[in-house]
Each structure stands twice: as structure tokens, then as C-alpha cells.
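This briefing walks through a protein model and the ligand that accompanies it. Please keep the sequence and the structure in view while reading, and look up each residue as it is named.

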Amino acid sequence: MPSPKQPFNLCDYFIGPDKLNRFGNNIAIESEGQSLTYRDLAAIVDQWAATLSQRNLAAEDRIALLLSDRPDFVACFLASAKLGLICVPLSTFLTREDLEFVLTDSGAKLLVTEHEHSVRLGLDSQPAPCPSIDINAYSPRSTEIRNTGEWAATADTHASSPCFLLYTSGSTGKPKGVLHAHQSIPRTVECYAGSVLKMTPEDRVYSSSRLFFAYGLGNSLSFPLAAGATVVLDPGRPTPERVAAIFSQYRPTLFFGVPAVYNSLLQFKATGGEVDTTSLRRCLSAGEALPGRIFEDWKNNVGLEILDGIGSTEMLHIFISNRPGHALAGSSGQAVNGYRLRLRSDEGGECARGEAGHLWVNGASAFAGYWHRDELTQETLRNGWVRTGDLYTTDDEGFFFHVGRVDDCFKVRGLWVSPLEVESAILAHESVSEAAVVPSIDDAGLATARAFVVIKNGEPNEDLKQRIRETACQRLANYKVPSQIEFISAMPRTATGKVQRFKLRDLGPEGRGAN
Ligand code: 3UK
């Protein structure tokens, strides 16, 4: 592990001369029928570095990537590290408003995107607040982007130099930038991959979570590329049909999913779909708690354990995980080697065994701070300890059980939903006077957003629900749009006026499928 002041560059870590000597001819990436060896990847990284170095960027300037999972994402990310820039991978689910926010907040000097996303976000008619490159506009790519004949030198970075910034939404609804140094990725490789995955160059990895998400970045970039293994990158939406097709065509040995994807694969199988899992040796899940029922169903149907583990953008990857052969349904598992964990009571002392407490974690992959948010950084990062915002209990064997969140945020398909953000989108409808959003848990134990609405005018009918939904749709990424909207006459509130979300959570379904 490099020490913080030691010269170190993430790009070298993956494709420096040593790595190319060992793995140069291995296949690094398979994507849309194309295979790239580690040497091919290194050449594309050099071409990207040459292209970026002509863009007048200085060390630690931010470059935003709005790209689907394809080799160019990996190449551009590594080229950015090579040049000492700070890469800002962006969610491809962003709305135009979110995009403006993160480009402005990060002070990005350049946006690298592709046709699909620039069209969806209307970048042609209304340019982004910074210059952008549409990689599809270079045709064929090899002429302009990929070779300029120049060669860019590796920047003079250290293990603790800033390397990338990942945006994650907070309880206030405004995303915050989580800054990681060059050393963070190697540390997740040693800790999580070293103790749980144990990958070899023969492994083939597929993750249904995208590279822009810290989970996907680890799964599809850090772990396979550090091991000299092969990653399968697919730009499509991970519907069960698509994931099953990838299993058959690419025969991965490791699969990383979120609970909703495992659940959709089980349903697809139960309704006659073919899911060939014979190539898999290990299945991993994170992003939100894996319901015990999905663990059991997968085990019974596929014959494999799903190893659930909790990670966060702040810690970069998983720090509590189940171990192969010792997985416990309904638990996040045990501490990953290299991480220390504490459960603190509301008053700040240590919790007694069995008592639910606030989870704090300490480990070398921790973030450097929130981008330009010093106060928030001080609240969250104290003496190397990171406050997760999660409530956990443990048992005598050191298994951790997720009890909930301190804020009211929850996950849909492994992605954050902040009730405040959804509520303010609903409040934008003129007939709405109050709104409260809580998770609605389905039979599999998974959440979608459920909105309770008090109206000030209009008829509380299906038509109004539809119009409220449309108002929300215009302002929110798809997965955040409530699957249920219900009218109530008054919000349940405490004496101090706080919405009693627990009361709303406990309300039975209004009539399944009614909306
Ligand atoms: C929740 C879980 C219970 C938990 C992530 C793997 O999800 C990731 O990062 P985010 O920053 O969210 C972090 C929060 O998500 N969570 C994640 N996994 C689990 N809760 N069981 C789980 N298995 O509230 C946590 O604080 O989006 C996951 C690797 C890297 C990641 N960034």
C-alpha cells in the first residue's frame, strides 16, 4: 500500500509497465462484441491523455464524464488520473437540472459525453455551462480522438493527490461531491477484493450497476483491472432479459447486482425465462439491504449464495460483507479486513451488544472530504472515522444487521431517494398543499417511493394523481418518481410540527394497483 506522500498514479497502478508485462495480452474489456487487451486499453488511454492534454487543463481541474458503460469510460477515467486531473463521473440518470448543478458545483472545465446523453439532455440546443466533447461526433473516433501523434506524460501525483469526485445525493436533496485520492481504489482492492472476491486473471466480471456509481466503479474497473481479469461492459439497461443474455453470451464468473436486479431475475425465471447461471462462481449484492427472502430464493433456484455487503461513496466500496461459505441471510455480514467499525448510541457512547447504534467506520479508502462543503465534512469525517448515517445491530459472531437510516432517505434499485427532493417536486403542482414521501415495501422486501398528498383545490381523483405524477416526472430522475400517490385529508404531525413518517409507513396499501 503506498504511503500518502509517496509518488503514485492510479493509471500506472492499472496499466503501468509492470502490469503490462504481466497482463498485457490478457483481455481487459469485452463490450458489444469487441475485445480489448490490456495493451489495447493502454493505447486508448494514451490517445485520450493526448487529446485531453491539448485542452488547456491544469492539474486538479475537474473533467466530467457523462458516458454509458463502454471502454471509453474506463480509458477516459484513467487518462484523467494520468494527467493529474480530477475526474467527475456523472449519473446517466441525471436530469438537466441535476447536470447544471453538478457541473457548476464541481467547476468542471470540460464535459465528455456521447450522443445519446447529449440529445436526451438537450445539450445541442442549450449548451452545458462548460465546454463539452461529444465522443460520437468524432467519426471514425480513431482519427481525431484517438490519435494525435502526441504523447502525454504522467503527472507528478502522490498517493493522497485528489483523483476523482463522485456525486451522491444527500438528505437535503442536493447532491454532494465526495472526493477520493489516487490511493482509495488500491485500498478497496486490498481490503474488499483481497478478502472477499479473491479474483484471478481467469475471472470474468459483470456488474449491472454502472461505472458512474462507486459500487459499479469498483466492480467493473478497480477489481477486474487490478487482477488482470476481464470485465464485461454493457451500455444497456439491466432488464432481466438483458442480464440473462449477458450471462449466456459472456459467461461471467462473478456477478455484481443490487437486490432489485436479483429479484427481477428470479421473477423472470419463475415466468419461464431462461437464466443460465452455470458460469457464475460468486454473486455479490450491495446498495441496499438484501432481503433474506431473495437470498433464500436465489440459493434454492441457482444454488449460489448472494454475498451482501454494505459500502458507501464515502468509503468508496464495501466495508462490511458476508464471506463465501458463511453468508447469513438478512445480515450485511462481518467487518471486511482493513476496516474498523463502531456502533455509537445517540449520546455518543459505545452501544451494548444487541442495541441499535449509529455506524461509524474507519479505513484507508475513506474519502478526503466533500467538495467545498467543509462543515458537512467535519460532521461526517472525524479523526479518520466516517459517520455512515446507518443504524445497525450486531450479534455475538460479529454479524451486522441493518436497521435503518438516521435521515429519512431510502434506496430504490440501489439508488438514493431523498423524500425532501421528491416532496418538493410534487409541491410544484398547483393543487398540492402538503406532501410526504416514504418507502413502500413490496412482497420481496424492496422499496419504491410512495407519496401522501394533501390538496388545496381540485378533485382528489385519478386524473389529478396523473397530473401530479407528470409534474414530478418533469423534475425527477425516473426511479425517484412515486409508484403510488395517495390523497389524505391531513398530514399526521408531532406536537412540534414534524411529519410522522412512521405513521405513513405503517398505513396499509390503499388498494394494490389502484394507481
Ligand atoms: C446503504 C446498504 C444495507 C447504506 C455503495 C457498495 O451504496 C453504495 O453507496 P451510496 O453512497 O450509499 C451508501 C448507503 O447505502 N447501503 C449500501 N449497501 C447496503 N444498506 N445493506 C447494504 N448491503 O445506507 C449506506 O450508508 O450510494 C455500495 C459499494 C460502494 C458503494 N458506494
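In this predicted model, an N or O atom in the side chain of Trp-416 is 3.5 Å from an oxygen atom of the ligand.

**Around the ligand**

- There are 24 residues around the ligand, and those that come nearest are Asp-308, Gly-309, Thr-313, Asp-390 and Lys-411.
- Ala-289 places a backbone N or O atom 3.2 Å from a nitrogen atom of the ligand, and Ser-312 likewise has a backbone N or O atom 3.3 Å from a ligand nitrogen atom.

**Helices H3 and H4**

- Helix H3, which covers residues 38-53, and helix H4, which covers residues 71-82, have axes that come within 8 Å and cross at roughly 60°.
- That angle makes H3 oblique to H4, and H3 passes H4 in a right-handed crossing.
- On the H3 side the contact involves Leu-41, Ile-44, Val-45, Asp-46, Trp-48, Ala-49 and Leu-52, which meet Asp-72, Val-74, Ala-75, Cys-76, Leu-78, Ala-79, Ser-80 and Lys-82 of H4.
- Sorted by class, the residues in the contact of H3 with H4 are 11 nonpolar, one polar and three charged.

**Helices H4 and H9**

- H4 also crosses helix H9, made of residues 214-227, at roughly 70°, with the two axes coming within 12 Å.
- H4 and H9 are therefore roughly perpendicular to each other, and the crossing in which H4 passes H9 is right-handed.
- From H4, the residues Phe-73, Val-74, Phe-77 and Leu-78 meet Leu-217, Leu-221 and Leu-225 of H9.
- The contact of H4 with H9 has seven nonpolar residues, with no polar and no charged ones.

**Helices H11 and H12**

- Helix H11 spans residues 259-270 and helix H12 spans residues 292-302, and their axes come within 10 Å and cross at roughly 45°.
- H11 is oblique to H12 because of that angle, and the crossing of these two helices is left-handed.
- H11 contributes Pro-259, Tyr-262, Asn-263, Leu-265, Leu-266 and Lys-269 to the contact, while H12 contributes Ile-294, Asp-297, Trp-298, Asn-301 and Val-302.
- By class, this contact of H11 with H12 consists of seven nonpolar, two polar and two charged residues.

Note on methods. Residues are numbered from 1 along each chain as its sequence is written. This is a predicted model: local features need pLDDT of at least 70, side-chain atom pairs count only at pLDDT 80 or more; totals for chains, interfaces and linings use all residues. Side-chain values use heavy atoms; hydrogens and water are left out. Axes are lines fitted to C-alpha atoms, for helices over the stretch in contact, and angles run from 0 to 180 degrees between N-to-C directions. Helices (H or I, at least four residues) and strands (E, at least two) are DSSP runs, numbered from the N terminus. Angles under 35 degrees count as roughly parallel, over 145 as roughly antiparallel, 65 to 115 as roughly perpendicular and the rest as oblique. A crossing is left-handed if the near helix is turned anticlockwise from the far one by less than a right angle, and right-handed if clockwise. Contact means heavy atoms within 4.5 Å. Ala, Val, Leu, Ile, Met, Phe, Trp, Tyr, Cys and Pro count as nonpolar, Asp, Glu, Lys and Arg as charged, and the others, Gly among them, as polar. A residue is near a molecule or strand if one of its heavy atoms lies within 4 Å of it. A polar contact is a pair of N or O atoms within 3.5 Å; within protein, one must be able to donate a hydrogen and the other to accept it, and residues adjacent in sequence count only if both atoms are side-chain atoms.
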